[in-house]
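Here are a few notes to read with the model open beside you. Take them one at a time and find each residue as you go.

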Amino acid sequence: MRKSNTNAYIALVIVSIFWGTTYLASRVGVRHIHGVMLAGLRQAAAGVLITGFFLLRGYKLPEKMVLSKLFVIGTLMLCGGNGLLTWAMQYIPSGLGAIIAATIPLWITIASYFLVQRTRFSLQLIIGMILGFGGVAGIFYNYLSNLMNPDFQFGILIAFCSCIFWALGSVLTARWALGVNYLYGAGFQMVFSGVVMLLVAWLFLGQHLEVSAFTTELWESLLYLVLIGSVFSYSAYVFALNNLPPAQVSVYAYINPVVAVLLGALILHEQLTWLTGVCSLVTIGGVFLVNNAFNKHKKTLAAATK
């Protein structure tokens, strides 16, 4: 048990740091191909590797009903969530995208309120949501000149939309008992979403894969996203989630944006001011309060049903 917990904490450290680096890798990758195409290649390749691993170990294909649910969840979380956020990296700094993504727990709370159960809006929950969204609004002060740019506006819009899609997918994941290994199921979600995104990029966005686009920099970005971002880090995330309390695992959401903002400033020379730092911490603090209030509410409900 002690060894399992130690490994779980190591896995949590991996998720907290390496998932934060994927914003940088995505920002680099979209310099060469469309964001939806990049996300499609990433998810499809990672999905084939993960499902292939389980199939070679003798796992059977899930039932059609389970596969259909995996398709829906994968489309929401990975197409709508990861795909749109990767697309947004074409128009906004990676650090800003990470801070916007940090608000996902706020959107999950809202989605849970309407789709699962009417969570009581305590004072802590309300303050947390105000701080979370207020922190993001404060960061935009540094980008006032960019807000008049239609491309920048579009990037902000689809970044927020990605959060909503991820939240919807997360709520459905919690509601549906799939009865399949988490990582195996995630592999199918990746395959399904990857194929959908590649078709969308080709049929609706007019994107085509060209050999000339595959520079060394793109290959590095893509391989990093597939192997480190999806296969390695997601496996670590699933392992941590199955060996630690969810509230502890959620710590990664507070560290990811810090890693992304710092890397964006150091490597891509993205704007980093004291206001960005303070507002980022305010956003993360708000998300912490929301998560804490939500977990207290769940414990209260669990105690009441005993």
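1. Let's start with phenylalanine 71, which is partly exposed, at a relative accessible area of 37%. Keep in mind that this is a predicted model.

2. Who else is around that ring? Phe71 belongs to one aromatic cluster together with Phe53, Phe54, Tyr59, Tyr184, Phe188 and Phe192.

3. Now try the rings in the whole structure: a search turns up 19 aromatic pairs. One of them joins tryptophan 19 and tyrosine 252, edge-to-face, at 5.4 Å centre to centre with 65° between the planes. Tryptophan 19 sits in helix α1 (residues 2-29) and tyrosine 252 in helix α11, so this pair ties together parts 233 residues apart in sequence. Tryptophan 19 and tyrosine 252 are both buried.

4. Back to phenylalanine 71: its ring centre is 5.8 Å from that of phenylalanine 192, and the planes are at 65°, so this pair is edge-to-face. Phenylalanine 71 is in helix α3 and phenylalanine 192 in helix α8 (residues 182-203), so parts 121 residues apart in sequence get tied together.

5. Next, the largest nonpolar core, which has 60 residues; Ile33, Leu38 and Phe140 are among those that touch the most other members. Helix α3 (residues 64-88) is the top contributor, with eleven residues. There's also a second, separate core of 13 residues, including Leu12 and Tyr252.

6. Last one: histidine 269 has a positive phi of about 55°, though it isn't a glycine. You'll find histidine 269 in the loop between α11 (252-267) and α12 (274-304). Is histidine 269 buried or exposed? Exposed, with a relative accessible area of 67%.

Methods. Residues are numbered from 1 along each chain as its sequence is written. This is a predicted model: local features need pLDDT of at least 70, side-chain atom pairs count only at pLDDT 80 or more; totals for chains, interfaces and linings use all residues. Side-chain values use heavy atoms; hydrogens and water are left out. A nonpolar core is a set of buried Ala, Val, Leu, Ile, Met, Phe, Trp, Tyr and Cys residues joined through side-chain atoms within 4.5 Å. Buried means under 20% relative accessible area, exposed over 50%, partly exposed in between (1.4 Å probe, protein chains only). Helices (H or I, at least four residues) and strands (E, at least two) are DSSP runs, numbered from the N terminus. Rings of Phe, Tyr and Trp (its six-membered ring) pair if their centres lie within 6.5 Å; planes under 30 degrees apart count as stacked, over 60 as edge-to-face and the rest as tilted.
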